[in-house]
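Colleague: I'm new to reading structures. Could you walk me through this one?

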Amino acid sequence: MSGKNWDRVPIDAQSVDAPLSRSAIFLVVTVADEQPALARVCSALGDLDDLVKNVGFRDLGGRLSCIAGIGRALWDRLSPGRRPLELKPFAPIKGAVHSAPSTPGDLLFHIRAERSDMCFEFERILLDRLGPDVTVVDEVTGFRYFDARDLLGFVDGTANPTGLDLPASALVGDEDAGFAGGSYVVVQKYLHDLQTWARIPTPEQEAIIGRTKIDNIEIDDDDAPRKSHKSLATIEDAEGNEYDILRDNMPFGRPGQNEFGTYFIGYSRYLWVTEKMLQRMYVGDPPGAYDRLLDVSTPHTGTTFFAPTRPMLQALVQDAQEQPAAAR
Ligand code: HEM
């Protein structure tokens, strides 16, 4: 272990700023309507921290982390009348050519580790603990692909905020003080048409993404006839301030099934920023000049969650368990 002090490596729940990992599982579940189901799920969520420690401690170098996100409908069942300002279900988007669906999800678990067996073990124990009260609606195992490339062959994640920019972009601040430190999470599961992509010459692929393919250099396309993915996903207000989000996309796939995907996950301080990126990608800027990445990438899911801080999550599930059933 190269003399590194692994005791200091965090194993953590709700750590939005956990480093990019080699492996991840994205698990989306719905929670049964019955009142006892909610109580049991609350109890499991209250134990999330311990569950992460139980598995994470078995290899601290594995850097296991798990973030739980809560969808709007479940949030309202847990905490009627008090929710993060912008939390709402994913709004489907209809562009002239491409659309993004909105799909169900009460809870998202974003499980990350350096080892796929740790992610697997944690998911197994978590689902065991959640029991029959939840239905898995989506489950994706992602992997780090060479130098953080997506399956289209481009390095993905470079422009992510770092240092002080990270909390400023990804975590709610004083604008919603009761939920400060939490984060809006948007996920979309994309499947790629790699055969079509492979027929597009590399310079054209680079113009579509906005970066060179081999060495990952940003392309200045201010004067290009059509904006790249990078430019459509750049959000500025009238004063020229840029608004960013934190992405931890992961490739996934089964070559034998011709399945090649990118699981998009974006954490943001303001939900409107991610929504505006999506609008620009699907509707286009100017309208009609949509993101050509979508010609080879089809979203099969689209769900919005809010990831509260650890103390916020604890308080939420505790309050929910103490509320009279009639209040929910
Ligand atoms: C940039 C891939 C979906 C937001 C990039 C880059 C790649 C990429 C290769 C350039 C390198 C980088 O800065 O990370 C993909 C793929 C997607 C996808 C394969 C799905 C098929 C999305 C979605 C959003 C988004 C749905 C937002 C809702 C961004 C942002 C940037 C970016 C904010 C950085 C722009 C900048 O340079 O400031 N993406 N992306 N991406 N993408 Fe995506």
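Predicted model: local features only at pLDDT ≥ 70, side-chain atom pairs only at ≥ 80, totals over all residues.

Modeller: Residues are numbered from 1 along each chain as its sequence is written, and side-chain values use heavy atoms, with hydrogens and water left out.

Colleague: Which helix does His-229 lie in?

Modeller: Helices (H or I, at least four residues) and strands (E, at least two) are DSSP runs, numbered from the N terminus. Here His-229 lies in helix α8, residues 229-232.

Colleague: What lines the largest pocket?

Modeller: On a 1 Å grid over the protein atoms alone, a pocket is an open set of points with protein on both sides within 12 Å along at least five of seven lines, a cavity is a set where a 1.4 Å probe fits but cannot get out, and lining residues have an atom within 4 Å of a point. In this model 36 residues line the largest pocket, and Asp-156, His-229, Lys-230, Ala-233 and Arg-247 lie nearest its centre. The largest share of that lining, 4 residues, comes from α9.

Colleague: How much space is in the largest pocket?

Modeller: Grid points are joined across faces, edges and corners, and a volume is the space filled by probe spheres set on the points. The largest pocket comes to about 790 Å³. The largest cavity holds about 50 Å³, and its lining includes Asp-156 and Arg-247.

Colleague: Why does the span of helix α4 agree with what it should be?

Modeller: The expected span is 1.5 Å times one less than the number of residues. Helix α4 (residues 116-130) has 15 residues, so it should span 21 Å, and its end C-alpha atoms are 21 Å apart.

Colleague: Which residues of α4 are buried?

Modeller: Buried means under 20% relative accessible area, exposed over 50%, partly exposed in between (1.4 Å probe, protein chains only). In α4 the buried residues are Met-118, Cys-119, Glu-121, Phe-122, Glu-123, Leu-126 and Leu-130.
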